[in-house]
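This report describes selected features of one structure, taking them up topic by topic. Please keep the sequence and the three-dimensional view at hand while reading.

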Amino acid sequence: MNSANLRGIYTLFAKEIWRFMKVFVQTILTPVVTALLYLLVFGQALEGNVEVYKGVTYSAFLIPGLMMMSIIQNAFANSSSSLIQSKMMGNLVFVLLSPISSLGFFIAFTAAAVVRGVLVALAVYLVAILFVDLPLEAGWAVLVFAVLGSATLGVLGLIAGVWAEKFDQLAGFQNFFILPLSFLSGVFYSIHSLPGIWQTVSQFNPFFYLIDGFRYGFFGQSDAEPMLSLGVTLVFLFGLSAVALLMLHKGYKIRE
Amino acid sequence: MSTAVSIRGVHKHFGELHALNGVSLDVPQGSFFGLLGPNGAGKSTLINIMSGLMKADAGTVSVMGHDVAGAYREARHALGVVPQELVYDPFFTVREVLRLQSGYFGHGPENQPWIDELIETLSLADKADANLHDLSGGMKRRVLIAQALVHKPDVVVLDEPTAGVDVELRQALWQFTRRLHADGRTIVLTTHYLEEAEALCEEIAILNRGQVVAQESKTALLARCPYRILRLTLAQSDYRLPESLQALVTEAEGNCLSLRLHKTDHHMGDVFKALQTAGIEVTDLRTEESGLEEVFLDLTTDQPAETARS
């Protein structure tokens, strides 16, 4: 018996991917279409009227924001909805009866959320660049922030999925926390265009650093220093991971 | 005989409720063990603690020598649990869930022949590629059993496996669990059907209000009830029973008469002598030993068995 049960962790990871791929219209196609609709509506309405960064069209500016917003929402939805469904249906018991550790459980769910987040973002990117010229100045930043953003929201989804006892609570978490924070993080604008107080408030929104760092990867310019964005993102990810691992280790609401 | 499951001083509270109050018991290796008790006695809580689905407030549980908290990986490898509820994952087919469950336990393609064997043995071959959502309750129950066995555990826990299943499936499940036991596995069965426990189990523990009120062999447990029933068919239906026998009557209808005899206090010879003296002719007779139900009632109700049964 392999004490780390790597195959067990891999199986849970693969199962989570398999699960969302079985309903890919809902989990991949729909968010891509939604992001492209935002691009169509806002891009058409504001193109030529707004220039956020010098030499960057508004549509081009919008695409990384929409990609990160898709990452935020889909990575969160992946772990949270899988967990709440498994809890409500009772089939979480099959994983809990297995020798997969808390850490293994955490890794499998987070990694699957990363795959979904990155897949949706990649699909938005591939369709969007058919219509809009989009530079790629620092590919490392695009990759790093895509993965870290997906992981962060995957972990947050795990926390919400473990905590929530019914779909309603999860919907509340999603609609009153995730959605406002992602909309108010600079998807559609630069925080420099906001009045002073809102600029300050935005700097306390961790999603702002995800979007800003990600956007830096495309344009080589951003509202905050990319290293600051990376630092804040890592602190946020590690903080949430510590909470999630503690919850899983204690068996909070799943092994009580 | 070595111990498959050892439970020592387990306590569990749910708010004010003391669900398990210092439970200690041993399940011998290779035994067919019945865990009985009325609703709310703590059976499912104990099984949940044994399988790691719940944490005990105090006490220890080990499976095949592995502590379920400290050495949970080894303990879970040694244990297969068939849950009471018909739970399933609606995203997958029968074959897919078995492959996934096998993978969770660290098994790869080398376990495929065993998965195929389980599918065959549990008569799931026709439905192997059907989504679980589309299966009947009985088929879902079979899949649960296959999932519990997919990693070849030494100890198999069946939590109310025959609750709500039809007679045919119940017989099939009995046959299958007997086969598992014959293969050398330790079986722990919880059931509401006492006849099921009486037919299958060698060793029985009875839980009541979170405490073990009995743990012994089925034979010893049955011997706890010192009564037997004597069922008589008489030649006539208008008879006058001697006074000495009237207190022993449990049923009297037409020419059929049932008497409840204490195994040591009431001698069969005395009964027949009294009948003969009263001029009552017996045309047929049979005796029935007291069943688990009487012992169970005696141990789990505040009233004595005689009162509880009437």
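B:Asp116 and B:Arg95 are joined by a salt bridge, with 3.3 Å between the closest N and O atoms. The term salt bridge stands for a side-chain nitrogen of Lys or Arg within 4 Å of a carboxyl oxygen of Asp or Glu. This pair links distant parts of the chain, since B:Asp116 belongs to helix α4 (residues 112-121) of chain B and B:Arg95 to helix α3 (residues 94-104) of chain B, 21 residues apart. Helices (H or I, at least four residues) and strands (E, at least two) are DSSP runs, numbered from the N terminus.

B:Asp116 is partly exposed, with a relative accessible area of 33%, and B:Arg95 is also partly exposed, at 22%. In this report, buried means under 20% relative accessible area, exposed means over 50%, and partly exposed lies in between (1.4 Å probe, protein chains only).

## Basis of the report

The model is predicted: local features need pLDDT of at least 70 and side-chain atom pairs count only at pLDDT 80 or more, while totals for chains, interfaces and linings use all residues. Residues are numbered from 1 along each chain as its sequence is written, chains are lettered from A and ligands numbered from 1 in the order in which they are written, and side-chain values use heavy atoms, with hydrogens and water left out.

## Other salt bridges

How many salt bridges does a search of the whole structure find? Over all chains, the search finds 12. One further pair in chain B consists of B:Arg8 and B:Asp26, whose side chains meet at 2.8 Å, N to O. This pair too links distant parts of the chain: B:Arg8 lies in strand β1 (residues 3-14) of chain B and B:Asp26 in strand β2 (residues 17-28) of chain B, 18 residues apart. B:Arg8 counts as partly exposed at 38% relative accessibility, and B:Asp26 counts as partly exposed at 24%.

In chain A, A:Glu16 forms a salt bridge with A:Arg19, and their closest N and O atoms are 3.5 Å apart. Both residues lie in helix α1 (residues 6-22) of chain A, 3 residues apart, which is about one turn of the helix. Are these two residues buried or exposed? Both A:Glu16 and A:Arg19 are buried. They also take part in a network of salt bridges that links A:Lys15, A:Glu16, A:Arg19 and B:Asp89.

## Chain B as a whole

Chain B contains 12 helices and 14 strands. Its C-alpha trace spans about 75 × 45 × 35 Å along the principal axes. Of its 310 residues, 50% count as buried. The accessible surface of chain B is about 14100 Å², and 47% of this belongs to carbon and sulfur atoms. Accessible areas come from the Shrake-Rupley method with a 1.4 Å probe; for residues, only the protein chains shown count as cover.

Among the contacts in chain B with a separation of 6 or more, 68% are between residues 24 or more positions apart. A contact means heavy atoms within 4.5 Å.

## A buried alanine

B:Ala148 lies in helix α5 (residues 137-149) of chain B. With a relative accessible area of 4%, B:Ala148 is buried. Which residues does B:Ala148 touch, not counting those up to four places away in sequence? They are B:Gly80, B:Val81, B:Val82 and B:Pro153. B:Gly80 is 68 residues away from B:Ala148 along the chain, yet their C-alpha atoms are separated by 4.4 Å.

## Two residues with positive phi

B:Met64 has a positive phi of about 50° although it is not a glycine. This residue is found in the loop between β4 (58-63) and β5 (66-67) of chain B, and it counts as partly exposed at 22% relative accessibility.

B:Ser123, which is not a glycine either, has a positive phi of about 55°. Its place is in the loop between α4 and α5 of chain B. At 45% relative accessibility, B:Ser123 counts as partly exposed.
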